[in-house]
Amino acid sequence: MMAVLNEQGISLIDIDLKQVSGEIKRTGILAFAWSPSGNFIVSCEKFTQGQNNLNIWDARTGQLKSGFPWKDNTRDGPNSINFTNDERYMARVNGKKVIEVYEKADLTQPLYRIGHSAAVASSISEQPKAPVQKTEAQAPKGKEVGKELEESVSFDGIKFIQPLNSEQVFLVAWQNGEVLSESEDIGTVFVFDFKKSFERPKFRVVCPKAQSISIIPAPKTAHAMLIWSQNLNDSTGKSYYGEHSLQYVRLIGGMKQHFIAAFDNQIQ
């Protein structure tokens, strides 16, 4: 299946049959991305107050499954939605303070809301109306978890990691450093064990030089991850491109962590 963006929306093309098999009729779409198994398409438009501009579509039928407001860069919107490899679960960051985890069977109401109690309460009060109508008999879902997180914790990104031949699923979230200064450039990576508890992270990884953080799972097995953090500071006067740090962290078979010399502190 291939998707082509046009003025009317997104055309879904069956490559084998060489013909259009379906359409997502929505004007104004500027960016979109496929889910891992190709069952969903996530699209994003410019933000308009009171409307959901970050939408999830059934790739087979073109039906709208769920929608959310997205106020940041439009082209970053689709990548803010993260699925597990089997697409059973989906997660997104709501307002940087709360992570919402959804199940494939219902993408309109979260199973879990991870964050400090005050942040979760605020996110619920600001929750937009879901595009799929609910009956009055259906109680709103969304177990509040992660209450033990500090109120200052925010989330700049999330990623599901599913190790090969394991029932474990990890939800990795990260908080970038706040400002461009040596004393306050420390970021944090939070690792939640999806099969055990979201009440607290299984462990945290402190990341120096963390104006921005990237998570790279081990290819194929995903038994470990690389954490790349970097900033635009140059305390030494030697690096035009700033400073950076690379860490190796095991997810299966212990939580062993190593700092790895990244390019000898130079860009090559």
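**Close-up views of a predicted model**

View 1. Strand β2 (residues 9-14) runs antiparallel to β3, and six bridges join the two. Strands here are DSSP runs of E with at least two residues, numbered from the N terminus, and two strands count as paired if DSSP finds at least two bridges between them. This is a predicted model, in which local features need pLDDT of at least 70 and side-chain atom pairs count only at pLDDT 80 or more, while totals for chains, interfaces and linings use all residues. Residues are numbered from 1 along each chain as its sequence is written, and side-chain values use heavy atoms, with hydrogens and water left out. Ser11 stands opposite Glu23 in β3. The open sheet has the order β1-β2-β3, and its pairing is antiparallel. Its edge strands, β1 (2-6) and β3 (19-25), each pair on one side only.

**View 2. The four-stranded open sheet.** Its strands follow the order β13-β14-β15-β16, with antiparallel pairing. At the edges are β13 (157-161) and β16 (203-207), each of which pairs on one side only. From one strand to the next, the twist averages 20 degrees; axes are lines fitted to C-alpha atoms, and angles run from 0 to 180 degrees between N-to-C directions. Five bridges link β15 (residues 187-193) to β16 in the antiparallel sense. Phe190 faces Arg204 of β16.

**View 3. The largest nonpolar core.** A nonpolar core is a set of buried Ala, Val, Leu, Ile, Met, Phe, Trp, Tyr and Cys residues joined through side-chain atoms within 4.5 Å; buried means under 20% relative accessible area, with a 1.4 Å probe and protein chains only. This core has 18 residues, of which Ile99, Val101, Ile114, Phe155, Phe160 and Leu171 touch the most other members. Strands β9 (89-94), β10 (98-103), β13, β14 (170-175) and β15 each supply at least two of its residues. The largest share, three residues, comes from β9. Apart from this core lies another, of 17 residues, including Ile161, Phe170, Ala210 and Ile213.

**View 4. Surroundings of Ile99.** Contact means heavy atoms within 4.5 Å. Leaving aside neighbours within four places in sequence, the residues in contact with Ile99 include Ala91, Val93, Tyr112, Ile114, Phe155, Leu171 and Ala173.

View 5. Cys44 is buried, with a relative accessible area of 0%. Cys207 is buried as well, also at 0%. The count of disulfides, pairs of cysteine sulfur atoms within 2.5 Å, comes to zero.

How values were computed: Buried means under 20% relative accessible area, exposed over 50%, partly exposed in between (1.4 Å probe, protein chains only).
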